[in-house]
Amino acid sequence: MPPTTIRFYCDICKKTVSVALPEDFCNDFKKSADKWPYPLVYPHEGHYAIVYLDEDMKERGVNVSRMVFKEN
Ligand SMILES: [Zn+2]
């Protein structure tokens, strides 16, 4: 199977971002999801996109953030 490519618009970098998701990743994502659409966190260029994907790995909404909090 070829990778599944998702595309979304990032309001921080003002670009349409394409991400190729390997089949193994898509299978893990579908196993992890306990509801649809389910969020995928995609860090890039120092910020984060939260991309909501449905069971067909289609984009159903996007949020972006510059902030993540990590406990020490
Ligand atoms: Zn971005």
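Helices and strands here are DSSP runs numbered from the N terminus, a helix having at least four residues and a strand at least two. The model discussed below is predicted.

Q: In which order do the elements of the protein run from the N terminus on?
A: Let's start with the inventory: the protein has one helix and five strands. Reading from the N terminus on, the order of these elements is β-β-α-β-β-β.

Q: In what sense do S1 and S2 pair, and over how many bridges?
A: Strand S1 covers 4-10 and strand S2 covers 15-21. One of the bridges between them joins isoleucine 6 to valine 19 in S2. The pairing of S1 and S2 is antiparallel, and the number of bridges is seven.

Q: Which residue takes a positive phi near 60° in the hairpin of S1 and S2?
A: The hairpin has four residues between its strands.

Q: What is the phi of glutamate 45?
A: Glutamate 45 lies in the loop between S3 and strand S4 (47-53). Glutamate 45 is not a glycine, yet its phi is positive, at about 50°.

Q: Why does glutamate 45 count as exposed?
A: The cut-off to keep in mind is 12 or fewer other C-beta atoms within 10 Å. Glutamate 45 counts as exposed because its number of C-beta neighbours inside 10 Å is 11.

Q: What percentage of the 72 residues of the protein count as buried?
A: For the overall dimensions, picture a box of roughly 30 × 30 × 20 Å along the principal axes, filled by the C-alpha atoms. To count as buried, a residue needs 20 or more other C-beta atoms within 10 Å of its own. Of the 72 residues, the share that counts as buried is 7%.

Q: Among contacts with a separation of 6 or more, what share comes from residues 24 or more positions apart?
A: A contact here needs C-beta atoms within 7 Å. Among contacts with a separation of 6 or more, residues 24 or more positions apart account for 30%.

Key:
Residues numbered from 1 in each chain as written. Predicted model: local features only at pLDDT ≥ 70, side-chain atom pairs only at ≥ 80, totals over all residues. Pairing = 2+ DSSP bridges. Contact = placed C-beta atoms within 7 Å.
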